[in-house]
Amino acid sequence: MTTVFTNISELRTVAEAGTINDAALVAADDGTIAWVGTADALPTEYADAEQIDLGGRAVLPGWVDSHTHMVFDGNRAEEFEARMAGEDYAAGGIAVTMDATRSASEERLKELVRDRVAAGRAGGTTTFETKTGYGLNVESEVQAAKVASEFVDDVTFLGAHLVPPGADEAEYVEEVAGPMLEAVAPHVQWIDVFCERGAFNEEESRRVLEAGKEKGLGVRVHGNQLGEGPGVALAVELGAASVDHVNYLSEEDIAKLAGSETVATMLPACDLSTRQPLAPGRKLIDAGVTVAIASNLNPGTSYTSSMNYCVTTAVLQQHLTLDEAIEAATLGGAKALRRHAVDGGKDAQGRPAKGQLVVGAAADLHVLDADNAINLAYRPGMPATYQTYLAGKKVHG
């Protein structure tokens, strides 16, 4: 059924049309956008279509959360409390979650991921990526990939999240790049590695990522979170879609990113939780780097799916304009997942594109409970999402 969304105070298309005031949008019965423009220019052919009056509210593309870790059980509240009392963040805390996740049944993990996706939808997120990486053995990693693939848009294999306690590091790298990858690959689209001190060095990271590329997986990298390191350079060299965290960057790192198609994904909720310096968003954008914002939902360092919170932080503390922050959390995330429009509202695989409100793209809408999107930053922490639509169908509100 064709649906006309009317009485939109401002429609932020994140496209050439920019922000359209007093707007309307038409969703076709296939879940894509058929028309967008000012309400007074709505074609008469849609006069008899179903009408949804949005009450003078602002509309954005649904958030594209391009970095999460949803498949886990347990929490690390004690670790977090200790960190707030002054202890430094260390990557080794992942092992705590590993034990809880390995012990969880498949049904338990499905229930948890289903609830986390619902919470994200309640905050305006319509597209999700999530990673494996809390099982750290073949059986658990395969289970995580299968569970994730039921609920999210893109799944990433992150067997190289941490070396499990008691394992030999060299042997574990070969397991990840060999039998674990072989078993998980049919269920995922991407491969990732935590290229960081306390996790995997450049040589180990390269081994894992190149093995993933040989299996036809796209490349993603956790890099430069705890200090300057090889993560950004390696990501650019291997043509990674995204390098995530990017808290500590040299001028050379920024120049490499600016000359590449690798997206720099900022995770501001994680930065606050770990008390690391916020990623230098203003500097990255000024240098011409494509930037994304994602939640990094995980139990240790960013136990939130609120993209509203992340966008607010980017505006208030990372010195992005509102338009820049919205673009990073929508089109930027879509580019980080290679789901952005390249031809007539379709992505490179011919799917309805994400992250923009243009004809042919997915009718994924985030309706704010305000007449202007600046309220995301102007009224920080206040309830912001009124309704969420996925492919033109309401999924929250």
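Predicted model: local features only at pLDDT ≥ 70, side-chain atom pairs only at ≥ 80, totals over all residues.
Residues are numbered from 1 along each chain as its sequence is written, and side-chain values use heavy atoms, with hydrogens and water left out.

Seven strands, in the order β3-β2-β1-β4-β13-β14-β15, make up an open sheet with mixed pairing (strands are DSSP runs of E, at least two residues, numbered from the N terminus; two of them pair if DSSP finds at least two bridges between them). At the edges sit β3 (33–38) and β15 (393–396), each pairing on one side only. Within the sheet, β1 (residues 3–12) and β4 (residues 50–61) run parallel and are joined by 7 bridges; I8 stands opposite R57 in β4.

On to the cores. The largest nonpolar core has 89 residues, and V246, L284 and I293 have the most contacts inside it (a core is a set of buried Ala, Val, Leu, Ile, Met, Phe, Trp, Tyr and Cys residues joined through side-chain atoms within 4.5 Å; buried means under 20% relative accessible area, with a 1.4 Å probe and protein chains only). Helix α5 (residues 169–184) gives the most to this core, with 7 residues (helices are DSSP runs of H or I, at least four residues). Apart from this core lies another, of 16 residues, among them L25, L365, V367 and Y389.Lastly, the largest pocket is lined by 16 residues, of which S306, N308, Y309, G381 and M382 lie nearest its centre (on a 1 Å grid over the protein atoms alone, a pocket is an open set of points where a 1.4 Å probe fits, with protein on both sides within 12 Å along at least five of seven lines; lining residues have an atom within 4 Å of a point).

How values were computed
Buried < 20%, exposed > 50% of the residue type's maximum accessible area, 1.4 Å probe, protein only.
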